[in-house]
Amino acid sequence: MTRIEARGVYASYGRTRVLNDVDLHLDAGEMLAVLGPSGCGKTTLLRAIAGLHRIDAGVIVAGTRVLARPPAVHVDPERRRVGLMPQEGALFPHLTVRRNVEFGLVPPLLRRRRGGAAARRRRVDELLELVGLADSGDARPQELSGGQQQRVALARALAPRPDVVLMDEPFASLDPALRAGIRTEVKDMLKADDTPAILVTHDRAEAMSVADRLTILRAGRTLQTGTPVDVYRNPVSPDVGAFIGDAVIVEASARGAAADTLFGPVRVAGAVGGPVDGRILIRPEQIEPAADPDGRFVVARVVFAGGYSLVTITDPRSGTTGTALVRGASLLDVGGRVSVRVTGEAAFFPSSVPESDDECEHRSPVPEAPSGSR
Amino acid sequence: MAVFALSPIVHLTVRVFEGGTGAAFSLLFRQRTLDLAVRTLVLTLVVALGCLIVGVLAAWLVTRTDLPGRRFFAVALAAPLAIPSYVAAYVWIAEFPVLAGLPGAALVLIASCFPLVMLPVAAAFASADPGVSEVSRTLGRNAFRTAWTVEARGVVPAAAAGTLLASLYTISDFGAVALMRYDAFTLGVYSAYRGGLDRTVAAVLGLVLVVIATVLTLLERRLRRGATARTGSGVSRVAEPIPLRRWVVPAWSVVLAVLTVSVLVPMLGLVRWMIHSLRFTIAWRDVLTAMLTTIQYATAAAVVVVVLAVPVAVYVARTSSPVGRAAETAVYIAHGLPGITVGLAVVFFGIRFLPAFYQTAVLLIVAYAVLFLPLAVGPARAAIVSTSAAVDDVSRTLGSGPARTDRRVTLPLALPGIAAGAALVFLTVAKELPATLMLRPRGADTLATELWSATQVLKYGEAAPYALALVLVSVVPTIVLDRAVRRRSVPVREAPVEVAS
């Protein structure tokens, strides 16, 4: 299995720098998600790896093959051995499902060999079997559902046995109800085929649910790479932490393994040492509000969402607001007083760490947060 | 490749100024030039105004009102586009000889050109956001006042672009003005070419025409860019039609009058003259020969033009470089070039560089290629642009290089657009008159030139079978083409409407 690696990659469109010193690597059979808000260079990164976009600097290698190292080396996309799964699949509308999958297997006219057709047919059958569309070989792409089209796109990408499959928000156009199912299927198929893949997305639930590791990309920079749990629990900055999940960020003063906050004492992940001022990042599921006539906080809003409720609490003195995630229906009354306890460990950021201010684009400086909690 | 489209014109310019600018300008600033210019200007203004009024009114009636039968009218009113203007002119002059001159020329050209205004305006009406009109109604303006003050504003760019296209058609038109004996610029060019010993006069006049046509073409393009009516996005919704009530009968009369003048009279007149000529012996053999010649030339031109157009279309669709934009503009300007000047330019060009091919089919096909390359580039480019880039990317990553990707993916996907362009070229060549008149090989006649010859000597009965055959050759494939394109439902945007017949 081939290890894909990109180091110090810079790329731009015209005069606009889109990738700024990007590093990533991908091990055998692994699925890496690149998570970032739209306009942060995710698609450009994929196109750079695929060879569809020339990079300005840096190096991209697959195993021992150098794919790109400007200015001397730029391997054309058709010789890189990468599979591409763009948004909405991009099946060839003029070809049947079978011909779509076969596309990358057909050699140029002059290099065809006897027996090649039979071998191709076997490979196509194998892949149609893998993606569960063995009976749809003669169908036209237009006759398939969105999910089926994605599966054909995957089979087509896998057919020439690429070193890596690159997926550009492949599930964004699907019905949200189908999305979760299809992406698990796709992940299982990739595992079955033992092909590594890079998935770029702006959907953090998608990134966290399917990726073995994920990379946070903002303003063309890779900010952090790790397992979803690790990045969620120990973000490198408050910014990354708020990007990967809903969070309340408050002032804190830490000493040793604990910090004093508005919400009371909070355990700090990793001992800090002497008393340090800074900020602490608390997740909604860590906040436990309890009705208390003498409590410091007031319940501002309760949103019931089926399996859980989101309780927005305010501190009237400082104006600080936070959201707590409570199992089931919350029995708290709006306007009532509550006291708060914070469970588990929280990430602490000493004030000396400068706040990263590289918001990507002005359209959505804030990542899509369904329950605005900051 | 796009330079090819303009090279004969460039050569014509060089040729004109070879004798010194003084000589060229002395030929230019003559009473004759002024007379021609004034007559063409008058005709163009009348036709433009007529097309604007008839086109906008017809568009409004068929899209925004509850006029009974408006769906049928919407289709029927576009039919004049399929009738060559000189066929209509032939019937009108044969039936009503008094119309000769400005009235006849204006009548025929308005009847032929108003769909050029009606179609884009109807599209603008149909795509306008009904919410805006509804707001106007709730603010106290009634349906007619809203139509005038709100909806009309939305179609101004479309109407202006359509009117310019009609003007362009008018100044380039040769057949209709010639048959109506209206001494406009194109006819002046032709007379100077036929009569004069020194063809430089014709060349000078032809260049004046090119300048006017180019200005109109560029103006039209600027206007067309602003011709989208909808501002916001959102689900498109069709506005409630405005009830005409007691205005139904007047509205009907208007629509029926327009249809009578533009479609019924030409068709019935044609049938009448056909029956008339059936009493005499018709030279069926000649008609058949002319038809075969026409089909041969049209097929050859379609093949040549498509072979030339596909690489241009691929290049123009892909690039955003200044060269690409210049090529696109060159192609666009070429689509407005009058057939008479291109014919003339190819004559000069051929005599100088390809004397062996002068008065052979080869040179004629070259002229057709120059004239109609844009017709094929337009739909082909649109079809290529509308194929998604993602599909190309996938093909590249699957191991097909750029050329193989074009062959395996892009061109098959763009095939309907390319075929539509080829068919359009075929149709347009089949009814082309002025360039064919100048360049056809000795003894080879097309339907159009046979019709022309017969009407020149006032043998209207003899002309009838040729006119009928022409209508068959142009109307029937138009319907087939339209159906085929609709069925494939590949968007063929920006297909330039053919200019000059």
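Which residue is the bridge partner of A:Ile280 in E21(A)?

## Strand pairing in chain A

The partner is A:Phe348. Please keep in mind that this is a predicted model. The two strands behind that bridge are E15 of chain A, covering residues 276–282, and E21(A), and they pair in the antiparallel sense over 4 bridges.

E21(A), which spans residues 345–350, also pairs with strand E14 of chain A (residues 264–268). Here the sense is parallel, and the pairing runs over 2 bridges.

## Domains of chain A

Chain A is assigned a domain 1, covering 4–233, and a domain 2, covering 246–350. How far apart do the C-alpha centres of domain 1 and domain 2 of chain A lie? The distance between these centres is 40 Å.

## Where chain B touches chain A

Now to the contact between the chains: 18 residues of chain A and 16 residues of chain B take part in it. On the side of chain B that touches chain A, the elements giving two or more residues are helix H17 (389–397) and helix H18 (402–430), both of chain B. H17(B) provides the largest share of that side, with 7 residues.

And what is the make-up of the side of chain B that touches chain A, in nonpolar, polar and charged residues? There are 7 nonpolar residues, 6 polar ones and 3 charged ones.

Terms used
Residues are numbered from 1 along each chain as its sequence is written. Chains are lettered from A and ligands numbered from 1 in the order in which they are written. This is a predicted model: local features need pLDDT of at least 70, side-chain atom pairs count only at pLDDT 80 or more; totals for chains, interfaces and linings use all residues. Two residues are in contact if their C-beta atoms, placed from the backbone, lie within 7 Å. Ala, Val, Leu, Ile, Met, Phe, Trp, Tyr, Cys and Pro count as nonpolar, Asp, Glu, Lys and Arg as charged, and the others, Gly among them, as polar. Two strands pair if DSSP finds at least two bridges between them. Domain bounds come from an automatic or database domain assignment.
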